[in-house]
Amino acid sequence: MRDLVNDDDYSATELGSHWFEGPEPGPAPDRREGEVLRFGPGVTAAAARRAGNTPTAVQIWQGTPPGAPPPRPSRPRWPRRYALAALVLVAVLAFLAWREYGPRVAVRDVAVAAAGPLGCDGTADVVGVVRTDGRPGTLTYHWERSDGTRSAPLRETLARGQREARLHLLWTFHGPGAHRAVARLVITSPDARAAEGAFTYRCG
């Protein structure tokens, strides 16, 4: 065999065309210099043929597989302290509603009495007696006197089972003379009622 490099008759044109053509394309190599090369997802066809196996499709489900029943929604659980606070709040609101809109005390009768006659520079104790049905509540009232004066609105709180309230008016007189005094008790709430009582002042 001749040495192609030292032969004077050597010409590149004399070479067959197959010297310039690369090898026919085939499967990509699986190994090169000890390193595994992977082309595309999964196992290559060539590696599968060498191993004598066929690629196996693996399906990974995310979430709930088909045909499985849907998961039940979890119910939130309140801590016990929140439940206790809610019960207390409901009880307070119920009490306020009962006090505001529940049955109230009803006035049955009103009477006014005063001792007399009253002497010089004396003070009369006028007593108004209010009889109720015994339910709890508040009476709103004021006093009116025959000298043209009137007290500010007053309140009397009644406990459950209390069927009578005694309301007092102190009326003081000075100097000589004689005077017939009239005191009038006016109930404005819960029922509009009124009653009056009279006494005499004498001095000199």
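Is T132 buried or exposed? In this predicted model, T132 is buried, because its relative accessible area is 5% and the cut-off for burial is under 20%. The residue belongs to strand β4. That strand covers residues 123-132.

One is the backbone nitrogen of G134, which lies 3.3 Å from a polar atom of the T132 side chain. The other is the backbone oxygen of Q162, and here the separation from a polar atom of that side chain is 3.2 Å.

Strand β3 spans residues 107-114. D121 sits in the loop between β3 and β4. Its phi is near 50°. This is a positive value, and the residue is not a glycine. D121 counts as partly exposed, because its relative accessibility is 48% and the exposed class starts over 50%. T132, by contrast, is buried at 5%.

A further backbone feature involves a proline. The peptide bond that joins S189 and P190 is cis. Its omega is about 10°. P190 lies in the loop between β8 and β9. Strand β8 covers residues 177-189, and β9 covers 193-203.

Definitions and conventions: Residues are numbered from 1 along each chain as its sequence is written. This is a predicted model: local features need pLDDT of at least 70, side-chain atom pairs count only at pLDDT 80 or more; totals for chains, interfaces and linings use all residues. Side-chain values use heavy atoms; hydrogens and water are left out. Helices (H or I, at least four residues) and strands (E, at least two) are DSSP runs, numbered from the N terminus. Buried means under 20% relative accessible area, exposed over 50%, partly exposed in between (1.4 Å probe, protein chains only). A polar contact is a pair of N or O atoms within 3.5 Å; within protein, one must be able to donate a hydrogen and the other to accept it, and residues adjacent in sequence count only if both atoms are side-chain atoms.
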